[in-house]
Amino acid sequence: MTKLVHKLGLSPTLAFHDVYSLDDPSLLAFVPRPVHALLLVFPTTDTYERARATEDGPLPEYSASGSGEEVLWFRQTIRNACGMMGLLHCACNGGAREMIGMSQTHNTFPGSEDRGSKKLTKRKLAPETDLANLITSALPLDPSSRAQLLETSPGIAQAHASAASGGDTAAPSAEANIDLHFVAFIKSAENHLWELDGRRKGPLNRGKLGDDEDVLAEKALDLGVRRFLKREEELGGDLRFSLVALAPSMD
């Protein structure tokens, strides 16, 4: 995951880290802070599909566009690309988005709390990076047009194919039946926790966070990942999941 987002243009000072517990402070302490995004991976079950349909039912289809949007959301129309969608939602929103086109030098950067993180040299969204190109092109478009943009973006497709071919297991075809799904949680500049899932009707605002709370804070976990898992438990769903955090690199 980290290799892929770096290839697309995200700062090398950020990386994905495994989150081994939602409740054990000693294990949570291994994750560098601040955490800019969480990516939840889980099996798609009948319980999940019913809950999704119930919540989405009364909601309108998301149709916003433009620089005034609080988040950049992509509707998923490409089969078996939910992992890529999750990565894009993590990298194109919140604090991570501000680090596209940054290079590392030394010392610390704001918000790192002197954890030995690298200092960042800011560059504007550089047009030579795939993420910057995608954001610039996607912002003025409606969700349907954004989906078409992703379908025809050679840089995104090439990076995805390159990352898939680098693993030990062959990448699944678009026609294969895959039962895993990826959902991103990010904090906006307005301090809202957003759930971003390309299979929903739009982005979901899960609540307000404090200025000093990142997406791995107790309140954020209660509004996001824990809320998700609690619903699965109450409805007899599948509690298998994995969670990764996009946070400062330890390299």
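**Figure 1. Helix α4, a covered helix in a predicted model.** In helix α4, the residues Cys82, Gly83, Met84, Met85, Gly86, Leu87, Leu88, His89, Cys90 and Ala91 are buried, where buried means under 20% relative accessible area, exposed over 50%, and partly exposed in between (1.4 Å probe, protein chains only). That is ten of the ten residues of α4 (residues 82-91), so this helix is largely enclosed by the rest of the structure. Helices (H or I, at least four residues) and strands (E, at least two) are DSSP runs, numbered from the N terminus. Please keep in mind that this model is predicted: local features need a pLDDT of at least 70, side-chain atom pairs count only at pLDDT 80 or more, and totals for chains, interfaces and linings use all residues. Residues are numbered from 1 along each chain as its sequence is written, and side-chain values use heavy atoms, with hydrogens and water left out.

**Figure 2. The nonpolar cores.** A nonpolar core is a set of buried Ala, Val, Leu, Ile, Met, Phe, Trp, Tyr and Cys residues joined through side-chain atoms within 4.5 Å. Which residues have the most contacts inside the largest core? They are Leu10, Leu88, Leu131 and Leu246, in a core of 41 residues. Helix α4 gives the most to this core, with seven residues. Apart from it lies another core, of 23 residues, and among them are Leu28, Phe42, Phe185 and Ala245. In soluble globular proteins, nonpolar side chains tend to be buried together.

**Figure 3. Leucine 246 and its contacts.** Here contact means heavy atoms within 4.5 Å. If we set aside neighbours within four places in sequence, leucine 246 touches Leu10, Leu14, Ala15, Phe16, Pro34, Val35, His36, Ala37, Cys90 and Ala96. Over the chain, among contacts between residues at least 6 apart in sequence, 70% join residues at least 24 apart.

**Figure 4. A six-stranded open sheet.** Follow the strands in the order β1-β8-β2-β5-β6-β7, and you will find antiparallel pairing; two strands pair if DSSP finds at least two bridges between them. At the edges are β1 (14-18) and β7 (204-208), each pairing on one side only. From one strand to the next, the twist averages 20 degrees. Helix α10 (residues 225-234) packs on the sheet, where it touches β2 (37-43), β5 (180-187), β6 (192-196), β7 and β8, and its direction makes about 15 degrees with that of β2. For such angles, axes are lines fitted to C-alpha atoms, for helices over the stretch in contact, and the angles run from 0 to 180 degrees between N-to-C directions.

Figure 5. Five bridges link β1 to strand β8 (residues 242-248) in the antiparallel sense. Leucine 14 stands opposite proline 248, while aspartate 18 stands opposite valine 244. Four of the five residues of β1 are buried, so this strand is mostly covered.

**Figure 6. Strand β5 and its partners.** On one side, β5 pairs with β2 in the antiparallel sense over seven bridges, and proline 43 stands opposite leucine 180. Four bridges join β5 to β6, also antiparallel, with alanine 184 opposite leucine 196. Seven of the eight residues of β5 are buried.

Figure 7. Most residues other than glycine have a negative phi, and most peptide bonds are trans. What is the phi of asparagine 191? Asparagine 191 has a positive phi of about 70 degrees, although it is not a glycine. This residue sits in the turn of the hairpin that β5 and β6 form with four residues between them, and asparagine 191 is buried, with a relative accessible area of 13%. Elsewhere, a cis peptide bond joins arginine 33 and proline 34, with omega at about 0 degrees. Proline 34 lies in the loop between α2 (25-28) and β2.

**Figure 8. Stretches to read with care.** The pLDDT is the predictor's confidence in each residue, from 0 to 100. The chain averages a pLDDT of 86, and 83% of the residues score at least 70. Over residues 105-123, however, the pLDDT is below 50, although this stretch has 43 contacts in the model beyond near neighbours in sequence. Residues 168-174 also stay under 50, with six contacts beyond four places in sequence. Where pLDDT is low, the predicted coordinates should not be read in detail.
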